[in-house]
Amino acid sequence: MLGLGKKDFTLFLAVAAITLLAPFILNPFPTGSGLAQFNAGYPDLMQRFVIYGIFAIGFNILFGLTGYLSFGHAAFLGLGSYSAVWMFKLLSMNVIPALILSVIVAGLFALVIGYISLRRSGIYFSILTLAFAQMAYALAYSVLTPLTNGETGLQLTLDDPRVLDGGGRPTSLPVTELFGMEMRDTASLGLGAWDFTFGVGFYFCAVVMLISFYLAIRIFRSPFGMMLRAVKSNQQRMNYTGLNTRPYTLAAFVISGMYAGLAGGLLACMDPLAGAERMQWTASGEVVLMTILGGAGTLIGPILGAGMIKYFENIFSKINDAVLHQWFAALPDGLEDFLVTIIHPFIGKGWHLTLGLMFMAVVIFLPGGLVEGGQRVGRLFRRRDRKAGGAEAQAAEQRRTPAE
Amino acid sequence: MSRHFTRRGVLKSGAVAGAGLALPTYLRAQESGFTNAPTGDTVILGFNVPQTGAYADEGADELRAFQLAVEHLNGEGDGGMLQTFSEQNLDGTGILGKRVDYVTGDTQTKSDVARASAQSMIQKDGAIMISGGSSSGPAIAVQALCQEAGVIFMAGLTHSNDTTGKDKKANGFRHFFNAYMSGAALPPILAEQYGTDRRAYHLTADYTWGWTQEESIKAATEALGWETANTVLTPVGAGDFSSYITPVLQSGADVLILNHYGGDMVNSLTQAVQFGLRDRQVNGKNFEIVVPLYSELMAAGAGEAIKGIYGSMNWNWQLQDAGTQAFTRSFGEKYGFPPSNAAHTCYVQTLLYADAVTRAGSFNPCAVVEALEGRTGGSGSLEGIDSASNEGFLFDGMGNGPTLYRAADHQCFKDVLVVRGAENPTTPYDNLEIVEVTPVEQVWYEPDHPQFAGGDLGECNPGA
């Protein structure tokens, strides 16, 4: 259906269902209970999940398929954000022109940077992209301050022209909207002890992500995707057969840059501010982590990885000692203090440490990322296919025989 | 797992989903008329400080101060400045009878992350006020967010003119002083010490705060008759400043002004001293170094290098007034060392917010804004300043003498300290000594001063 194979279509439906029901799924604990700390179902974080999901999907098209590890993808994210905010300032608060410009600008820059960087491969390619991204960061942080507002970040002001929105100076800052629907509008649903929040912004991002995900599936399954995979497995051999691989890799680079630009534009649509930190190398590193954590080269892996990292950044960093004391209040004082001391380094400012340990565990034990973890768990519970079962039974039989 | 969608199944799940969505949905904010109105018997404040990155030390100290303020508001501990505050509305029963609870977040000194963290405090934890920040970029970004979301922002350490200048917002308030005030307080002392015939060389951190500070200091020193030999921008977090310091030697300048903060200042100052700048004679005068914005934590980091170096501060624990003593005592008893001026401003901001809510009788941000502008009691103006904008909320007993929260731009006006690195510190904590308390008249400016022009408070926003 929709030009997808049966398996891919099921995957797409599953992702769509999970995304659209995220406000329920991410709020499993009743509001006000001790575990509500772990709820992630509030609009801002859910938006970040899906937006960074888009970013990681795009990155995966380059890294997962061609194996080219770009270490400067955050530059496109930042470019997208700056373009979107400029659109809000100059043209209109509608998100559509903003997103279009973000994608175009990011695509153009990706074309230039890709054209130069793709002359090298392997580590040299990574270093080149890193250099470009750091250059973009330095420019945005100080040199181009009139364009980017430097360290403070580009913001809306009351005096912006906003040509299409019709004159008149507003008394308060306008909000981003889609034909009248305000992005920050939310509705809440109280069901017993639970409280669910649905944001317009989140659902808009979710739809955009589903479209991006669908396109990614199509790319993965297309002859073009096959060509990219061939580049990954042996580029030299491709060259020897007389095939010029550079147009393919460049196309992949530009597509993935446009995905990043789209993600950056969406970030600005949800929260009209663009800061230079978005382009810093740590941000580029983050998307690499997301993709590897989730499973590079798989369809759904990058989305899972993005969600995981954003969850840690936003939820774990907010657990402090006072919260821990509340949790362990029932225990005797000495034990309570002891437990708090033990856990202290891993929460609050120590969330990086927890994430690092987890990343190590994943890379060591599940080289295929979270997706591989899921597959292993799935294999444990799945009813064995009759044939496979037969083969295993035979293998077990063979093994047993010599021992006798 | 069955992959078949039966008609019955689809109808069933569709009906359930439809029923769920048809349940009465409501906008949370509409009940009370403002965002995150506290409903139970607690009220939640959000403390958003850098816990990792270059300003983590400052952030940690701010967090200590916030925790202390919450204790005092809830009637725990010795009450600190509650007794010395000129407004005696806070009695240790929380705010408006609601117990104060708080959530914390890590800004990583990045505008983006700071906004995400503040957003989660507002959307998830229901924070009614956000405070913190240890750098101007994140502070300005979070201030704008709070304006949009309809909660109050009480800025922590932010020294850039823009926070209450071109980026000021109706929902945002700053107690800390700014670069202009440093520029007004410091140069007279410099002229007194070093004479009016000097050539200054600026090394400036290459971002908004650095520029505003350079602009302010340069304007003030040139007004005294100093020449500016050169101004050089240095990248933030450069680490090694030797290549920037060598040209100073050839420039014919006899004063080096370091517009750096945090780790940058520690490095640039230490290296300048190691290069022997302070032992040099130029134009027949001793070469001098000036650090316009000081903090205790930076002074501790620079060690020996800060001896005799002048700078300015918002507050210092060695002041002798009752408010300072009360705060320093309770902070020292709890943590074992004196508070920094970052801690002081955060502590004071929390109490000021609590007091404003009490005077307003409501958590509604617009009522709080009115209270902090002095429109619901506590209104006054500073003595000795003849200006139409000299009005707002006047208070005392918070360690800075009489202080005005100016209604026109939500900036606090108070005396500014000029300090010097102590020659013979006896403990690790008295490494700075107070040279002069510059009276507030001298650091006063009009809201439309060119260095602050271009902004607009706009209207207060209570959220939905």
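Student: Hi! Which residue is the bridge partner of F395(B) in β15(B)?

Tutor: That would be T403(B), in strand β15 of chain B. Keep in mind as we go that this is a predicted model.

Student: Got it. How many bridges join β14 to β15 in chain B, and which way do they run?

Tutor: There are 4 bridges between β14 (residues 392-395) and β15 (residues 403-406) of chain B, and the two strands run antiparallel.

Student: What sheet do they belong to?

Tutor: An open sheet of 4 strands in chain B, ordered β13-β14-β15-β16, with antiparallel pairing. At its edges are β13 (379-380) and β16 (412-413) of chain B, each pairing on one side only.

Student: What holds paired strands together, by the way?

Tutor: In general, strands of a sheet pair through backbone hydrogen bonds, either parallel or antiparallel.

Student: Where would I find parallel pairing in chain B?

Tutor: Look at the open sheet of 5 strands in the order β2-β1-β3-β4-β5 of chain B, where the pairing is parallel. The strands β2 (99-106) and β5 (172-174) of chain B each have a single partner strand, so one side of each has no neighbour in the sheet. From one strand to the next, the twist averages 20°.

Student: Which helix packs on that sheet?

Tutor: One that does is α11(B), which touches β3 (129-132) and β4 (152-155) of chain B. The direction of α11(B) makes about 165° with that of β3(B).

Student: And over how many bridges do β1 and β2 of chain B pair?

Tutor: Strand β1 (residues 42-49) of chain B pairs with β2(B) over 8 bridges, in the parallel sense. You can pick out T42(B), which stands opposite R99(B) in β2(B).

Student: Let's zoom out. How many helices and strands does chain B have?

Tutor: Chain B comes to 13 helices and 18 strands.

Student: What about domains in chain B?

Tutor: The domain assignment gives two entries: domain 1 covers 42-177 + 317-409, and domain 2 covers 180-313. The C-alpha centres of these domains of chain B lie 30 Å apart.

Student: How many residues are in contact between them?

Tutor: 15 residues of domain 1 of chain B are in contact with 15 residues of domain 2 of chain B. On the domain 1 side, α2 (56-73), α4 (136-149) and α11 (341-360) of chain B each supply at least two residues.

Student: What does the radius of gyration say about chain B?

Tutor: A compact globule with 464 residues would have a radius of gyration near 23 Å, and chain B has 24 Å, so the value agrees. Along the principal axes, the C-alpha atoms of chain B fill a box of roughly 95 × 60 × 45 Å.

Student: What share of chain B is buried?

Tutor: Buried residues make up 59% of the 464 residues. As for contacts in chain B with a separation of 6 or more, 70% are between residues 24 or more positions apart.

Student: Last topic: how many residues does each chain bring to the contact between A and B?

Tutor: Chain A brings 33 residues and chain B brings 36 residues. On the chain A side, α3 (43-66), α6 (122-143) and β4 (186-191) of chain A give two or more residues each.

Student: Which of those gives the most?

Tutor: α3(A) does, with 4 residues. By class, the side of chain A that touches chain B has 9 nonpolar, 16 polar and 8 charged residues.

Definitions and conventions
Residues numbered from 1 in each chain as written. Chains lettered and ligands numbered in written order. Predicted model: local features only at pLDDT ≥ 70, side-chain atom pairs only at ≥ 80, totals over all residues. Domains from an automatic or database assignment. Contact = placed C-beta atoms within 7 Å. Pairing = 2+ DSSP bridges. Axes fitted to C-alpha atoms, helices over the stretch in contact; angles between N-to-C directions. Rg over C-alpha atoms; globule rule 2.2 N^0.38 Å. Buried ≥ 20, exposed ≤ 12 C-beta atoms within 10 Å, placed from the backbone. Nonpolar A, V, L, I, M, F, W, Y, C, P; charged D, E, K, R; others polar.
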